[in-house]
Amino acid sequence: MSPRNSYLDRVVCHCLQVGEATLDALAEEAPFHSVEDVVQRSGAGDGCTACRRRLCEFVSASTSGA
Ligand code: FES
């Protein structure tokens, strides 16, 4: 998974304003092991929780090495 350009960053979590580039960068530092891991490390998903299904995709991609 390669980092995306910040100016093209798409917001994943609207409550906390966390974008794909931030999540990709964190996943490259260390793979996400669970949605709670994503929440703790990025802050995403710590509001209304509507984005948590999307965060699961980052966990799957992170653990599969995609
Ligand atoms: S959109 Fe992520 S917590 Fe609300």
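Predicted model: local features only at pLDDT ≥ 70, side-chain atom pairs only at ≥ 80, totals over all residues.
Colleague: Where do I start? Which residues make up the largest nonpolar core?

Modeller: First, the general idea. In soluble globular proteins, nonpolar side chains tend to be buried together. Here the largest nonpolar core has 12 residues in all. Among them are Val 12, Cys 13, Val 18, Leu 23, Phe 32 and Phe 58.

Colleague: Which elements give two or more residues to this core?

Modeller: They are β1 (11-13), α1 (20-29), α2 (35-42) and α3 (52-64).

Colleague: How do I read a helix pair? At what angle do the axes of α1 and α2 cross?

Modeller: Angles of 65 to 115 degrees count as roughly perpendicular. The axes of α1 and α2 cross at roughly 105° and come within 11 Å. Therefore α1 is roughly perpendicular to α2.

Colleague: Which residues make the contact?

Modeller: From α1, Thr 22, Leu 23 and Leu 26. From α2, Val 38, Arg 41 and Ser 42. They divide into 3 nonpolar, 2 polar and 1 charged.

Colleague: Now the loop between α1 and α2, the place of Pro 31. Why is Pro 31 partly exposed?

Modeller: Count the neighbours. Buried needs 20 or more other C-beta atoms within 10 Å, and exposed means 12 or fewer. Pro 31 has 15, so Pro 31 is partly exposed.

Colleague: What is Pro 31 in contact with, beyond its neighbours within four places in sequence?

Modeller: Ser 62 and Thr 63. Pro 31 and Ser 60 are 29 residues apart in sequence, yet 9.6 Å apart in space, C-alpha to C-alpha.

Note on methods. Residues numbered from 1 in each chain as written. Core = buried A, V, L, I, M, F, W, Y, C linked by C-beta atoms within 7 Å. Helix = DSSP H or I, 4+ residues; strand = E, 2+ residues; numbered from the N terminus. Axes fitted to C-alpha atoms, helices over the stretch in contact; angles between N-to-C directions. Parallel < 35°, antiparallel > 145°, perpendicular 65-115°, else oblique. Contact = placed C-beta atoms within 7 Å. Nonpolar A, V, L, I, M, F, W, Y, C, P; charged D, E, K, R; others polar.
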